[in-house]
Amino acid sequence: MLVATGLLLNVISALMTNFFIDDITRQTNEIIQRQQNNEELISLTWQQVETVERKREFVLQLLSASQIHKQPIAKEVTDQVINELNYWLDKKIERLVLEDIPALMVAIDDIQHNQREKINQLYLENLELLEIHDDKMKSISRLRNLALFLQVIGLALVLARDLNRREY
């Protein structure tokens, strides 16, 4: 009876390790992958914020140079700059003139605000994932300790029969 109980405890320990612990480990790996994906998205989004800022600076320098030299910007350059800006902005711009700068700056600010909000959401999601990961790791630790305990008790029960025989 002791041997059968010991073997049963060892089998239960092995099943716990094989099914429960491995499943939770797989889940934690998925969480880590999501966190890494979010970190990459955060990095890319920050690059977009900086790119849009460079576009803003370029437009302001271009218009300032045009005003200082009292020469209009070449149509090809204007068209290219407008195409670049329209790629990034939700609100399409038609022309690149000094009078439209306040509206353009508001549109750029809106895009950057939206991108920063996206970064904030990804960061908050990563914090939540970190908490979930910590809980799962604690669960894995408890299950491993329980599995080890069951193995030790199971082995002790199996060995108890052999130790009991030696006394006779």
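Gln112 sits in helix H3. The model described here is predicted. Gln112 counts as buried because its relative accessibility is 3%, under the 20% limit. Beyond its neighbours within four places in sequence, Gln112 is in contact with Val49, Val52, Glu53 and Arg56.

Arg56 is also part of a salt bridge. Its partner is Asp109, with the closest N and O atoms 2.6 Å apart. This pair links distant parts of the chain, as Asp109 belongs to helix H3 and Arg56 to helix H1, 53 residues apart. Arg56 is buried, at a relative accessible area of 11%. Asp109 is partly exposed, at 37% relative accessibility.

A search of the whole structure gives nine salt bridges. One of them joins Arg34 to Glu125, with 3.2 Å between the closest N and O atoms. Arg34 is in helix H1 and Glu125 in helix H3, so this pair ties together parts that are 91 residues apart in sequence. Both ends are partly exposed: Arg34 has a relative accessibility of 43%, and Glu125 has a relative accessible area of 28%. Lys75 and Asp79 are both in helix H2, four residues apart, or about one turn of the helix. Their side chains meet at 3.2 Å, N to O. Lys75 is exposed, with a relative accessible area of 56%, whereas Asp79 is partly exposed, at 32%.

Nonpolar packing was examined next. The largest nonpolar core holds 17 residues. Val59, Leu85, Leu89, Leu96 and Leu104 have the most contacts inside it. Helices H1 (2-69), H2 (75-88) and H3 (101-167) are the elements that each give two or more residues to this core. The largest share, six residues, comes from H3. Leaving aside neighbours within four places in sequence, Leu85 is in contact with Lys55, Val59, Ile93, Leu96 and Leu104. Another core, of eight residues, lies apart from the largest one; Ile24, Ile140, Leu143 and Ala147 are among its members.

The geometry of H1 was then considered. At 1.5 Å a residue, its 68 residues should span 100 Å. The end C-alpha atoms of H1 are 98 Å apart, which agrees with that expectation. Just after H1, Lys70 adopts a positive phi of about 55 degrees.

Definitions and conventions
Residues are numbered from 1 along each chain as its sequence is written. This is a predicted model: local features need pLDDT of at least 70, side-chain atom pairs count only at pLDDT 80 or more; totals for chains, interfaces and linings use all residues. Side-chain values use heavy atoms; hydrogens and water are left out. A nonpolar core is a set of buried Ala, Val, Leu, Ile, Met, Phe, Trp, Tyr and Cys residues joined through side-chain atoms within 4.5 Å. Buried means under 20% relative accessible area, exposed over 50%, partly exposed in between (1.4 Å probe, protein chains only). Contact means heavy atoms within 4.5 Å. The expected span of a helix is 1.5 Å times one less than its number of residues. A salt bridge is a side-chain nitrogen of Lys or Arg within 4 Å of a carboxyl oxygen of Asp or Glu.
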